[in-house]
Amino acid sequence: MLAGQHKSLALGLALLPLSQRLPQTHLSPKNDFVQKLQNIENLGGVISIHGRLLKHGLLGDTFISNHLLNAYLKFHRIENARLVFDEIPQPNVVSFTSLMAGFVGHQRAREALVLFGRMPVDEIMPNEFTFATAVNACSVLAHVEAGRQVHALVQTFGLGRNLVITSSLVDMYGKSNETNDARRVFDEMPDRNIISWSSMISAYAQNARGHEALELFCELLKDNRLLPNQFTYASVLNACASLGRLVAGKASHAAVIRRLPQMNEVVASALLDMYAKCGLINYSCTVFRQMETPSVIPYTAMIVGAAKHGLGRFSLELFEEMTRRGIRPNDVTFIGVLHACSHSGLVDFGIDHLNSMRERYNVVPDARHYTCVVDMLGRAGRLDEAYRLASNILVENGNDIALLWGSLLSASRTHGRLDLAVEAGNRLIEANQQVTAAYVTMSNTYAVVGNWENVHGLRTEMKKRGLQKEPGCSWVEIRSTTYVFYAGDISLCPRGAEVMHVLKELELRMRERGYTGRKGGTGMVFVDVEEEAKEAILGLHSERLALGFALVSMANGVTIRVMKNLRMCEDCHVAFKLISDIVGRDLVVRDLNRFHHFRDGSCSCVDYW
């Protein structure tokens with residue numbers, strides 16, 4: 001439908017007389033009404049003026065009606081604005097663009113595109129703001145194909161170098177996960193403002209390309225004509241958060257304090273999220289408590305951050321505090337609450353909160369919330385309940401399918417439920433989601449119960465299909481430099497000989513304390529829980545290499561923070577607990593699911609993870 005509308009628009013506009021394409025000058029003697037509409041302070045006043053205009057027969061004046069339409073939009077009365085538009089005898093480009101922008105602002109972007117497609121019918125020539133609004137509608141819908149069609153129209157009408165439109169295009173492509181297209185538009189811009197720079201940095205940060213976001217930010221700082229704004233810093237902080245770049249995050253925080261006279265909620269929320277994802281949840285709390293009147297967004301960020309650190313009861317306390325202050329939770333808030341309950345074993349609390357969503361807060365649970373509950377039940381060993389719930393959830397989106405059945409598959413492996421692991425794995429394979437992980441985890445589960453024939457059968461099938469496991473990867477940041485380590489690969493490890501010496505010494509001291517890792521033969525120790533190669537000895541798992549390097553590179557007493565792309569394996573978890581006591585320092589590991597804070601031989605997860 002959208003494609004047809006845009007083809008119609010292109011054809012209709014191409015046939016417009018040249019005189020219709022030229023800007024028109026609208027003069028109106030009704031300045032009194034216009035001035036009142038521009039300065040109106042409440043909805044009642046708008047309705048009153050609307051009545052007077054109707055009485056005086058002035059609603060046929062397009063200029064006045066446009067101001068009335070915008071006055072209704074100012075007070076979020078989109079339907080009233082729509083009625084005014086429908087009564088305009090000859091709506092112009094301002095009429096169309098204003099209502100389109102109103103639709104986009106009220107999450108009715110599809111209606112904005114329908115209105116855009118109607119413009120040639122009324123022989124209205126779009127301007128740069130019309131095109132930018134149409135692009136924004138595509139961005140809200142994440143409808144990249146419609147966005148490309150609008151982009152083509154922009155080029156057709158010679159506006160491909162317009163700053164307003166191209167900035168919107170960068171944002172649209174970024175939000176549609178088409179980062180390379182966003183960069184292409186960005187690079188072709190003859191001039192850039194802070195909005196276009198911020199949009200491109202945000203596109204990288206939102207699409208797991210944090211390194212490029214930080215590189216582009218450094219390039220921006222070289223241009224003394226432009227100053228980063230609140231949204232620029234928020235995107236940079238998001239990039240630091242995704243990468244676990246604490247040093248860069250702290251430097252950005254310092255820049256915010258120096259350069260921004262007043263920090264808004266967007267930046268504050270990004271700050272507390274960054275500190276939480278870099279392992280400093282206490283810093284997050286400090287930023288949060290400095291906010292005078294936090295809204296649902298920072299509350300939600302704080303709840304999610306505390307949940308990732310295993311502070312389930314603190315997350316629930318924040319939720320209760322938020323509701324006592326009259327702040328209504330949204331769907332993302334409940335994902336954080338359920339996640340907190342899942343990682344802290346608070347199953348009954350989690351189920352109560354799920355039931356309260358619709359009843360108390362009018363928030364309809366969707367596949368994401370039910371997936372959290374499946375994960376929560378699975379971690380608690382209540383696998384039959386988890387399976388029944390997963391089987392009854394209507395899930396169509398591929399990513400939702402992956403999360404739902406992936407959660408059950410992981411829990412089934414942990415608790416040795418071969419039947420459910422096979423069922424969940426087959427569901428993923430049938431849906432063509434996380435296929436490699438499904439094969440690997442099913443293989444691991446067969447290995448746990450000693451069914452080596454099926455282990456080899458699954459591995460053979462993987463080779464036939466050309467499936468390769470994601471390599472285990474960990475990294476540490478030392479004096480603003482990031483060092484990356486891969487499982488079993490000592491050749492790429494800086495100071496490799498020193499690292500191996502330290503790890504061997506630590507293993508001897510761990511064995512003196514009863515550590516038995518790599519002994520036995522059929523337990524979870526020998527299964528590649530984190531999808532690292534079975535042949536790679538556990539002493540060379542990526543997080544241990546990162547830890548060894550940090551121990552030889554960082555001063556005594558400094559907390560060591562390791563980031564990891566996969567789930568930490570059980571044996572490494574045991575080892576890190578012992579090592580924290582042996583070396584007498586705090587160790588923090590961020591794996592795929594959560595944070596582990598190791599201190600004095602214990603972990604913050606209390607071995608529930």
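Predicted model: local features only at pLDDT ≥ 70, side-chain atom pairs only at ≥ 80, totals over all residues.
Me: Switching to α11. What length does that helix reach?
Reply: α11 covers residues 163–175, so 13 residues, and goes 18 Å from first C-alpha to last, close to the 18 Å expected at 1.5 Å a residue.

Me: Is α11 mostly covered or mostly uncovered?
Reply: Mostly covered, with 10 of its 13 residues buried. Among them are Ile165, Leu169, Val170, Met172 and Tyr173, but also Thr166, Ser167 and Asp171.

Me: What do those buried residues pack against?
Reply: They pack against four helices: α9 (128–141), α10 (144–156), α12 (179–188) and α13 (194–206).

Me: Which side chain reaches in at the start of α11?
Reply: Asn162, where a side-chain oxygen comes within 3.0 Å of the backbone nitrogen of Val164. Past the other end, just after α11, Asn177 has a positive phi of about 65 degrees.

Me: Now Asn229. Where does it lie?
Reply: Asn229 is in the loop between α14 (210–221) and α15 (230–243).

Me: Why does Asn229 count as partly exposed?
Reply: Because its relative accessible area is 24%, and partly exposed runs from the 20% limit for buried up to the 50% limit for exposed.

Me: Beyond neighbours within four places in sequence, which residues is Asn229 in contact with?
Reply: Ile194 and Ser198. Ser198 is 31 residues from Asn229 in sequence, yet the C-alpha atoms are 8.2 Å apart in space.

Me: Which backbone nitrogen lies 3.0 Å from a polar atom of the Asn229 side chain?
Reply: That would be the backbone nitrogen of Phe231.

Me: Last one: Lys564. Buried or exposed?
Reply: Lys564 is buried, because its relative accessible area is 4%, which falls under the 20% cut-off.

Me: Which strand is Lys564 in, then?
Reply: Strand β3, residues 560–564.

Me: And what does its side chain make a polar contact with?
Reply: The Lys564 side chain makes a polar contact with the side chain of Ser542, at 3.1 Å.

Note on methods: Residues numbered from 1 in each chain as written. Heavy atoms only, no water. Helix = DSSP H or I, 4+ residues; strand = E, 2+ residues; numbered from the N terminus. Expected span 1.5 Å × (residues − 1). Buried < 20%, exposed > 50% of the residue type's maximum accessible area, 1.4 Å probe, protein only. Contact = heavy atoms within 4.5 Å. Polar contact = N/O pair within 3.5 Å; in protein donor to acceptor, adjacent residues only side chain to side chain.
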